[in-house]
Amino acid sequence: MSRTSSDSQLDKGHIKSAAVYNIHGLANSQASLNFPTIHKDVPGYRGSNEFILSDDRRSTMDQLREIGPWCRRKCQNVCRKKILYKRIPVLNWLPKYTAQDAVGDLVAGFTVGLTVIPQALAYSSIAGLPAAYGLYGSFLGCFVYIFLGSCKDVPMGPTAIASLLTAQVTNGIWERAVLLCFLSGIIELLMGIFGLGFLIDFVSGPVSSGFTSAAALIILSSQVKDLLGITARGNTFIEQWDAIFKDIHNTQIGDCIMGFTCIVVLLLMRLLPRVKIGPPEEDQQTVLQKIFNKSLWLIGTARNAIIVIVCGAIGKIYYANDGSAPFRMIGQVPQGLPSVQPPPFSVPELLLEDGQVHSAETFGDMLGHLGSMLIVIPLIALLEDISICKAFADGKSVDATQELIAIGVSNIANSFVQGYPGTGALSRGAVNNASGVRTPFGGLYTGIIVILALLFFTPAFFYIPKAALAAIIIAAVVFMVEVRVVKPMWRSKKTDLIPGIAAFIACLALPIEFGILVGIGLNILFILYHAARPKIHMDQMITPCGIKFLMLTPDRSLIFPSSDFVRNLINKHGLKNQTPVVIDCTHIYGADFTAAQVIDTLIKDFKARNQMLLFLNLKPSVCNVFEGADLEYRVFYDLEQLEKAIQEIRRKSFQA
């Protein structure tokens with residue numbers, strides 16, 4: 001590319017198109033640009049409207065008139081076949097569904113069903129609700145996810161963390177829990193529609209690990225009371241253990257023996273899937289070896305269901321003999337499916353278990369109690385769901401928007417059958433994947449098993465010991481404490497431990513939603529500090545005729561937290577070297593008005609001491625900001641032209 005205008009034309013202000021500019025970073029560009037004289041003795045180029053490479057300035061009224069056409073285009077896009085297939089994923093895989101897929105989904109759905117029933121019963125106690133509500137939230141969401149879910153491994157239903165968060169605000173009142181499910185679903189759906197899945201990016205890995213570990217300890221602590229057969233209440237970790245120590249003298253020996261025995265058995269059964277006989281390759285094993293290995297795997301995977309069945313049988317035997325048992329049982333579970341009805345928007349006057357009367361609540365009162373959980377639960381639900389998708393994605397991209405829509409609609413549907421908030425559970429997701437699930441259709445069989453349990457087996461649930469359910473939870477959540485990430489985090493970047501440990505401690509000492517905010521807040525402070533303290537690379541340069549100058553290269557954009565720091569640093573280097581200073585703006589992709597004001601002051605500082613300050617490779621977007629602040633600056637896009645300008649300025653200053 002050659003120069004398209006003469007020096008005389010440029011002196012008259014004739015500016016050609018952007019194609020003639022040698023913009024830094026464009027490959028194979030040979031163009032150069034002679035800059036018109038702006039000041040009486042300085043060859044250069046002042047930022048002005050002439051310099052804007054693209055001029056797309058429209059009035060506010062023009063922009064307002066485009067809102068209607070924009071909305072019509074968006075509506076048309078929603079109805080396109082591509083968008084329809086993207087937002088209803090079942091349309092993609094159902095036409096290609098095979099017999100092998102059906103077998104894999106049947107086995108996986110049945111296996112997850114054996115896992116979800118005891119977990120749902122146990123998670124209800126974490127949420128502070130009757131056992132039936134865990135089952136109510138475990139079947140309809142599975143059916144909805146078949147149509148809207150984008151990950152085959154996600155089993156919708158109650159989770160330990162979602163149950164804990166629910167318990168924080170419901171205080172055992174099921175109406176609050178169901179309304180929380182409904183409102184959380186609506187918020188998740190709206191987040192999906194407006195593409196707000198990126199919000200989980202503000203929850204870093206260390207904060208997520210700290211929160212998960214603290215939640216695991218809180219959940220474990222909440223089950224100690226059932227393990228010991230005592231009564232203890234508390235929302236935070238400290239409150240729970242304070243209540244436990246106050247009532248520990250009432251420990252029941254029968255519950256202790258049942259609970260601790262179940263924990264030991266569960267931990268041993270957890271090892272069974274690792275036991276294999278015969279060659280490691282399955283195709284080299286005999287039929288008996290395959291049957292034996294699969295049997296061990298199934299026993300280990302269905303360990304929770306086995307414990308519930310065995311302990312329930314023990315409870316039945318004791319109860320049949322003398323009408324009592326040496327341990328507490330979960331009691332009556334209503335038989336049959338829940339009635340389909342809208343979620344409750346008020347709470348009637350209630351008589352609580354401790355004999356106290358709970359006054360009636362209006363919809364406004366319920367919202368006041370739910371508070372920040374309406375935001376926290378959707379974010380944590382998405383975080384749990386996305387962690388499953390990423391764990392089994394095999395390198396494929398994860399559509400957070402679609403997952404928000406899926407879990408949002410699932411929770412809305414669950415609220416109509418008296419379920420409380422749920423999402424994808426990582427433990428059941430691992431079982432689903434290991435069972436060979438092929439499509440989200442596996443959720444159909446899981447949901448059917450839960451429905452069958454509600455229809456036919458709820459009378460038998462009466463005899464399940466509370467200590468056995470507590471053992472199931474403790475044996476599961478103890479592995480959620482992410483101690484293993486501390487060592488690699490320490491070796492990788494020690495400062496990452498600060499927000500993680502802060503979130504961990506805050507979640508234990510404070511209500512858990514405040515603990516999450518502490519971790520996220522510290523993360524944001526670190527990001528702001530990083531933005532406010534950019535690194536500036538310094539090079540001592542020399543022109544072909546021997547004039548020295550200083551090249552300073554900031555490594556990121558100029559925004560208001562960093563402006564004064566950059567000004568002081570540039571002034572410091574300028575005073576120290578007393579040579580022309582060039583700011584290489586290659587990495588500055590944006591600026592704000594505060595930064596423009598500070599740069600204006602910096603230019604005046606250099607002008608006051610008759611020291612040259614020039615800019616190199618200034619982006620057009622940054623020029624727009626500088627021009628809006630009416631800055632007098634000189635910018636170049638070719639190092640050779642820059643050096644010539646420095647030489648010319650120095651020559652004229654000597655002549656003067």
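These are my notebook entries on a predicted model of one protein chain.

**Entry 1: the whole chain**

I began with the overall counts. The chain has 28 helices and 11 strands. I then looked up burial, and found that 49% of the 656 residues are buried. Next came the contacts with a separation of 6 or more: residues 24 or more positions apart account for 77% of them.

Strand 7 pairs with strand 8 (residues 548–554) in the antiparallel sense, over seven bridges. In this pair, Met541 stands opposite Phe549 of strand 8. The two strands form a hairpin, with five residues between them. I checked the turn as well: Gly546 sits in it and has a positive phi of about 95°.

On to the next pair. Is strand 8 mostly covered or mostly open? I found it mostly covered, with six of its seven residues buried.

**Entry 2: helices on the sheet**

**Entry 3: helix 25 against helix 26**

I then compared the two helices with each other. Their axes come within 8 Å and cross at roughly 15°. That angle is under 35 degrees, so helix 25 is roughly parallel to helix 26. I noted the hand of the crossing too: helix 25 passes helix 26 in a right-handed one.

Which residues make the contact? From helix 25 I listed Phe560, Ser563, Asp564, Arg567, Ile570, Asn571 and Gly574. From helix 26 I listed Thr594, Ala595, Val598, Thr601, Leu602, Asp605 and Phe606. I sorted the residues of this contact by kind and got six nonpolar, five polar and three charged.

**Entry 4: Thr579**

I stopped at Thr579, in the loop between helix 25 and strand 9. Is Thr579 buried or exposed? Its relative accessibility is 14%, and the cut-off for buried is under 20%, so Thr579 counts as buried. I looked up its contacts, leaving aside neighbours within four places in sequence, and found Lys548, Phe549, Leu550 and Gln611. Phe549 is the residue I had already met opposite Met541.

**Entry 5: two positive phi values**

Gln418 has a positive phi, near 65°. Gln418 lies in the loop between helix 18 (400–415) and strand 6 (423–424). With a relative accessible area of 11%, Gln418 is buried.

Asp630 also has a positive phi, near 60°. I found Asp630 in the loop between helix 27 (620–628) and strand 11.

**Entry 6: Gly515**

My last stop was Gly515, in helix 24 (residues 512–532). Gly515 has a relative accessible area of 0%, so it is buried. I asked what touches Gly515, again leaving aside neighbours within four places in sequence, and found contacts with Ala503, Ala506 and Cys507. I also looked up how far Gly515 is from Phe211. The two are 304 residues apart in sequence, and 7.5 Å apart in space from C-alpha to C-alpha.

Note on methods: Residues are numbered from 1 along each chain as its sequence is written. This is a predicted model: local features need pLDDT of at least 70, side-chain atom pairs count only at pLDDT 80 or more; totals for chains, interfaces and linings use all residues. Side-chain values use heavy atoms; hydrogens and water are left out. Two strands pair if DSSP finds at least two bridges between them. Helices (H or I, at least four residues) and strands (E, at least two) are DSSP runs, numbered from the N terminus. Buried means under 20% relative accessible area, exposed over 50%, partly exposed in between (1.4 Å probe, protein chains only). Contact means heavy atoms within 4.5 Å. Axes are lines fitted to C-alpha atoms, for helices over the stretch in contact, and angles run from 0 to 180 degrees between N-to-C directions. Angles under 35 degrees count as roughly parallel, over 145 as roughly antiparallel, 65 to 115 as roughly perpendicular and the rest as oblique. A crossing is left-handed if the near helix is turned anticlockwise from the far one by less than a right angle, and right-handed if clockwise. Ala, Val, Leu, Ile, Met, Phe, Trp, Tyr, Cys and Pro count as nonpolar, Asp, Glu, Lys and Arg as charged, and the others, Gly among them, as polar.
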